[in-house]
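Thanks for making time this morning.

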Amino acid sequence: MNKPSKAELAAAHGTVIDDLVAPELNVLFCGINPGLWSAATGFHFARPGNRFWPALHLSGFTPRLFDPSEQKALLGLGLGITNVVARATARADELTPEEFVAGGKRLVKLVHEWRPKFLAVVGLGAYRTAFGSPKATVGLQPETIGDTRVWVLPNPSGLNAHWQLPDLAAEFGRLRKASSQ
């Protein structure tokens, strides 16, 4: 995957990355929104330093560490990727609460259409705002969307210093174990 230029990053602001979905996935991972690096490359969680791909591998979801450019291989493993808010920004704090709420409604429709076993929202704050659950914690949520169970994971961004990679991988592993039962 090539490093985007400054011009490509600037042009990516506000663009959208296609969802990576298929019917009846085991887990549909849901990021907060695409960063500019992801939007410029067209690959989810593409910014170097983002720990999504290492956490997927270390937790046992993938047999090896995938590069973001290999994201389509996730479908064969029963995994997909979407975002709460579709538009790309430099930072998640550029998003409004209204965008999160609208994104939550879009996710409900997406889950009803594709029926994954689990929706895994990668970002506690995003989940709390999008779904009106201010006291939600990381882990399995009591609410479901139809038959889909909802799990909240920590944000794997390198900016989230509260969660180091081993802890992220352990939390992803808890989801993997639950989703394989």
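Predicted model: local features only at pLDDT ≥ 70, side-chain atom pairs only at ≥ 80, totals over all residues.

Strand 3, which covers residues 118-122, runs parallel to strand 5, and five bridges join the two; for strands to count as paired here, DSSP has to find at least two bridges between them. Within this pair, Leu 119 stands opposite Val 150 of strand 5. Residues are numbered from 1 along each chain as its sequence is written, and side-chain values use heavy atoms, with hydrogens and water left out.

Strand 5 (residues 148-153) has another partner, strand 4 (residues 139-145), and these two pair in the antiparallel sense over four bridges. Here Thr 144 has Arg 149 in strand 5 as its bridge partner. The hairpin that strand 4 and strand 5 make has two residues between the strands, and in it Gly 146 takes a positive phi near 60°. Strand 5 is mostly covered, since five of its six residues are buried, where buried means under 20% relative accessible area, exposed means over 50%, and partly exposed lies in between, with a 1.4 Å probe and protein chains only.

Let me turn to another pair of strands. Strand 1 and strand 2 pair in the parallel sense over five bridges, and Cys 30 stands opposite Thr 82 in strand 2. In a regular strand, the side chains alternate between the two faces of the sheet. In strand 2, Leu 79, Ile 81 and Asn 83 point one way, Gly 80 and Thr 82 point the other way, and all are buried.

Which residues does Thr 62 contact, once its neighbours within four places in sequence are left aside? They are Leu 56, His 57, Leu 74 and Leu 77, with contact meaning heavy atoms within 4.5 Å. Thr 62 lies in the loop between helix 3 (52-58) and strand 2 (79-83), and Thr 62 is buried, at a relative accessible area of 4%.

Ala 169 sits in helix 6 (residues 165-179) and is buried too, with a relative accessible area of 9%. Not counting residues up to four places away in sequence, Ala 169 touches Ala 55, Leu 58 and Ser 59. Ala 169 and Pro 54 are separated by 115 residues in sequence, yet their C-alpha atoms are 7.8 Å apart in space.

Ser 133 belongs to the loop between helix 5 (124-130) and strand 4, and at 14% relative accessibility Ser 133 counts as buried. With neighbours within four places in sequence left aside, Ser 133 is in contact with Tyr 127, Arg 128 and Glu 143.

Finally, the chain as a whole. Its secondary structure comes to six helices and five strands, where helices (H or I, at least four residues) and strands (E, at least two) are DSSP runs numbered from the N terminus. From the N terminus on, the elements run α-β-α-α-β-α-β-α-β-β-α. The radius of gyration of the chain is 15 Å, close to the 16 Å that the globule rule gives for 181 residues, so the chain is as compact as a globular protein of that length; this radius is taken over C-alpha atoms, and the rule is 2.2 Å times the number of residues to the power 0.38. Along its principal axes, the C-alpha trace spans about 45 × 40 × 35 Å.

Of the 181 residues of the chain, 48% count as buried. Among the contacts in the chain with a separation of 6 or more, 72% come from residues 24 or more positions apart.
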